[in-house]
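Subject: Structure for you to look at

Hello,

Here is the structure I said I would pass on. Please open it and keep it beside you while you read the notes below.

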Amino acid sequence: MTVAAIVAAPAIEFDRVCARYERVEVLHDVSVSIPAGSVFAVLGPNGAGKTTMLSVVAGLLPTTAGRLRITGNDVSHLDATTRARLGICLIPEGRGVFPTLTVSENLWMMTHLGASRSDIEAQAFMRFPQLSDRRNQLAGTMSGGEQQMLGLARALSTNPAILLLDELSMGLAPKVVTELYDVVVRVAREEHLTVVLVEQFARTVLSVADRAALVSTGRVLEVGTPDQIEAELQAAYLGTINHSVAHTPYQALEDRIDHDQGAP
């Protein structure tokens, strides 16, 4: 593959990917292309398959069919450790920090990748000045927002090529969420970092995403710009009011797509 082809290739490409937990298939023929250097949002209700998509990219869950490509190369056969060496970094739901270690000790642990402790701390405190005042504080005693800042700082210290964020906003005040996403987007723009954001709440991420996908019951319903996805959700929401209060916007959108495709 030529250099030009590698540059032009999507950062992540799901090509008819299926995945399962034991006997239960949770992703069904998922095809999504995520451009390099973009901020891409994956939206959907609980149980939609959003976290599973991140697990597949990170190598924590194998594919059972289809192919997963990173910058044009099939990585379906590679384990999680190998993919981490390729620059894939996952921050799972939760804080992702060691609560019984101080902020500095949490950052110190990232020196195993070769960067010096002083460089890692300098980067972390530049991105999140609030952490500088907490450097000797146990991570578990900090607020949820501060712990999430530390988790992000740890992840970004690895200089990832692809950053996967699962429900970054969970349990945090809107103002804190905005601050966190501001840092993520700034780093993505400055360092050509590809970011995949998994969220339930569309409004949280559509304002910062370049593109987004709607996912429900393990299928991709729509992929488009934030404006297109917001319009789809608004139309589906109106449909829930007009037709059935038992439906969510995602279910209404899925029902409409099934109808348009002639599903029984």
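Glu121 is buried in this predicted model, with a relative accessible area of 13%; the cut-off for buried is under 20%. Its salt-bridge partner is Arg117, and the closest N and O atoms of the two are 3.5 Å apart. Arg117 is partly exposed, at 31% relative accessible area. Both residues belong to helix H5 (residues 117-127), where they sit 4 residues apart, about one turn of the helix.

Side chains of opposite charge can pair when their charged atoms come close. The whole structure holds 9 salt bridges. Another one of them joins Arg134 to Glu146, at 3.1 Å from N to O. Arg134 is in the loop between helix H6 (129-132) and H7, while Glu146 is in helix H7, so this pair ties together parts that are 12 residues apart in sequence. Arg134 counts as partly exposed at 26% relative accessibility, and Glu146 counts as buried at 6%.

A further salt bridge runs between Asp15 and Arg69, with the closest N and O atoms 3.1 Å apart. This pair links distant parts of the chain: Asp15 is in strand S1 (residues 12-21) and Arg69 in strand S4 (residues 65-70), 54 residues apart. Asp15 is partly exposed, with a relative accessible area of 27%. Glu13, Asp15 and Arg69 are linked in a network of salt bridges.

Next, the helix packing. How do H7 and H8 lie relative to each other? The axes of helix H7 (residues 144-156) and helix H8 (residues 174-191) cross at roughly 10° and come within 10 Å. The two helices are therefore roughly parallel. Residues in the contact include Met149 and Leu152 of H7, and Leu180 and Val183 of H8. By class, the contact has 8 nonpolar, 2 polar and 1 charged residues.

H7 lies across S6 and strand S7 (162-166), at about 170° to S6. H8 lies across strand S3 (39-43), S7 and strand S8 (194-199), at about 155° to S8.

These strands are part of an open sheet of 6 strands with mixed pairing, in the order S6-S7-S8-S3-S9-S10. Strands S6 (88-91) and S10 (219-224) are the edges, each pairing on one side only. The average twist from one strand to the next is 15°. Strand S9 (residues 211-216) and S10 run antiparallel and are joined by 5 bridges.

Last, helix H2 (residues 50-58): 8 of its 9 residues are buried, so the rest of the structure largely encloses it. Just after H2, Gly59 takes a positive phi of about 85°.

Regards

Note on methods:
Residues numbered from 1 in each chain as written. Predicted model: local features only at pLDDT ≥ 70, side-chain atom pairs only at ≥ 80, totals over all residues. Heavy atoms only, no water. Axes fitted to C-alpha atoms, helices over the stretch in contact; angles between N-to-C directions. Parallel < 35°, antiparallel > 145°, perpendicular 65-115°, else oblique. Contact = heavy atoms within 4.5 Å. Nonpolar A, V, L, I, M, F, W, Y, C, P; charged D, E, K, R; others polar. Buried < 20%, exposed > 50% of the residue type's maximum accessible area, 1.4 Å probe, protein only. Pairing = 2+ DSSP bridges. Salt bridge = Lys/Arg side-chain N within 4 Å of Asp/Glu carboxyl O.
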